[in-house]
Amino acid sequence: MDINDGFNDALGDGLNDAQNHQNATDNNNGEYSYNSYKSYKQGEYARNHIRITATKLSDGRDFFYLDDSPDYVSGLKTRELKDPRKLAYRFASHIDADGNEVQYAAPQMRQDPLTGDWIPMSTARMNRPITAGPGALTKGNPLAARKPGSAYQDGEVPDTDYDVVVFENRFPSMVQVPGVSREPHYLNGNPLWKQAPAAGRCEVICFGPDENMLPAQLPVSRLRTVVEAWAFRTAEISQIDGIEQIFPFENHGAEIGVTLAHPHGQVYSYPFIAPRLEQELRHTQAYFERTGSNLLKDLMLSEIDNASRIVMRNHSWVAYVPAAARWPLEVHVAPVRDVLSLDQLDDQERWDLAQMYSTLLRRGNAFFDKGDGLGMDLPYIAAWHQAPLHDPRRENYRLNLQFFSFRRDVNKIKYLAGSESGMAAWVSDTTPELIAQRFHELGAVDLD
């Protein structure tokens, strides 16, 4: 099945002149010519059960439907590709209150001379909608399917329904602006302060149209489509010049700081290697040079041998509480096979991951008992650690998911105070063995 079948015919009149100039190729009939994917290759399951349809939002951002509903997979039904909003081109200049033309304020990043860390800075994020938590400012839900007459310009999704969608963030922390040099320079001419455009990419992945649905309540088949979205975007973004690391992640819960309650995740693609991954690469590389072995694989095998902290396993994956867990609830998930990134997973591994992730979310929600046996909607972060794209140390790394929550009891939160925030020196309020013991109470280790 051609994943782009019918795309050109449907999209033609959906782009304004600025978008056509910047983002499309004129094929002499006014239609939008879409090039085939550069790196992503569908496995057998995705070829037969997931249909990807690409379009552009009215301001020029990339948008993708990933459909698993049979009528859309077969082509019997098609999605709305035209964004009816009248948004200005995303990188267009604007006129300020004094009548002056103001250029697009591209995110910048500055390097901390003390640590070497790059810090992206994006003033546009101050204007993003907040619909969750005590700071909620917007009543509409921009991640929901289109509802005519609703708030927030009818939202980001052109259709009135969807399965999974992926699109570029409207308020990105990092973005590549056409025609803008990415060369670093010195702020105020001072060589201590290195600055450069934050020329990365930020995308949003919505797991379904129901804003009240928790990720833990999604069927495994839908999470399988989410896994395919992670693999799809990892493969395609890896071909973008200037990207060094691709980081799919999920923030869940207002206590985590989520500004939109709708079930969704994100993909941050950095023009640098993020500090946590850099630290891990230093250790995995040193371990390889010392032993000739892969540190992440040996950690997994050691946990399997110990067995006490293994909380789940199936044919392709192992989930365990690491021996030096920082968080009051922390689980690492590793593939049995040596894999560098999500796009390298085969069909069986993608299905097994969907099963394990679903089980992990449900057991995470049951982890803290309020006395009624119902558990709670656990606030968590799910962070995919993938091998960097170009750094030679990538070969001695290994794909892994690090899942954690700062909730340490039903009514208690692990605050990152002086030692953690000031010195990055963690003090744990529990032990990995107690975390694993609680998971053992919630269900069987073997999922097969």
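This is a predicted model: local features need pLDDT of at least 70, side-chain atom pairs count only at pLDDT 80 or more; totals for chains, interfaces and linings use all residues.

Q: What's the average pLDDT of the chain?
A: The average is 88, and 88% of the residues score at least 70. pLDDT is the predictor's confidence in each residue, from 0 to 100.

Q: Where does pLDDT stay under 50?
A: Over residues 1–35. The model has 61 contacts beyond four places in sequence for that stretch, a contact being heavy atoms within 4.5 Å.

Q: OK, how many helices and strands are there?
A: Ten helices and 19 strands. They are DSSP runs, numbered from the N terminus: helices are H or I with at least four residues, strands are E with at least two.

Q: And how much of the chain is buried?
A: Of its 448 residues, 51% count as buried. Buried means under 20% relative accessible area, exposed means over 50%, and partly exposed is in between (1.4 Å probe, protein chains only).

Q: New topic: which strands make up the open sheet?
A: Four of them, in the order β6-β5-β9-β8, with antiparallel pairing. The edges are β6 (118–121) and β8, each pairing on one side only. Two strands pair if DSSP finds at least two bridges between them.

Q: What holds paired strands to each other in general?
A: Strands of a sheet pair through backbone hydrogen bonds, either parallel or antiparallel.

Q: How many bridges join β5 to β9?
A: Three, between β5 (residues 108–111) and β9 (residues 194–197). Arg110 has Gln195 as its bridge partner in β9.

Q: And what about β8 and β9?
A: Strand β8 (residues 185–186) pairs with β9 over two bridges, also in the antiparallel sense. His185 stands opposite Gln195, and Tyr186 stands opposite Lys194.

Q: Switching to helices: what's the span of α5?
A: Helix α5 (residues 220–237) has 18 residues and should span 26 Å at 1.5 Å a residue; its end C-alpha atoms are 25 Å apart, which agrees. The expected span is 1.5 Å times one less than the number of residues.

Q: How many residues of α5 are buried?
A: 16 of the 18, so α5 is largely enclosed by the rest of the structure.

Q: How many aromatic pairs does a search of the whole structure find?
A: It finds 22. In Tyr37 and Phe232, the ring centres are 5.1 Å apart and the planes are at 75 degrees, so that pair is edge-to-face. Rings of Phe, Tyr and Trp (its six-membered ring) pair if their centres lie within 6.5 Å; planes under 30 degrees apart count as stacked, over 60 as edge-to-face and the rest as tilted.

Q: Where do Tyr37 and Phe232 sit in the chain?
A: Tyr37 is in the loop between α2 (17–23) and α3 (44–49), while Phe232 is in helix α5, 195 residues apart. Both Tyr37 and Phe232 are buried.

Q: Where is Tyr397, and is it buried or exposed?
A: Tyr397 lies in the loop between β16 (380–385) and β17 (400–405). At 1% relative accessibility, Tyr397 counts as buried.

Q: What does Tyr397 touch?
A: Leaving out residues up to four places away in sequence, its contacts include Leu277, Glu280, Leu281 and His385. The side chains of Tyr397 and Glu280 are joined by a polar contact of 2.5 Å. A polar contact is a pair of N or O atoms within 3.5 Å; within protein, one must be able to donate a hydrogen and the other to accept it, and residues adjacent in sequence count only if both atoms are side-chain atoms.

Q: Last one: where is Arg51 found?
A: In strand β1 (residues 51–56). Arg51 is buried, with a relative accessible area of 10%, and a polar atom of its side chain lies 3.5 Å from the backbone oxygen of Val73.

Methods. Residues are numbered from 1 along each chain as its sequence is written. Side-chain values use heavy atoms; hydrogens and water are left out.
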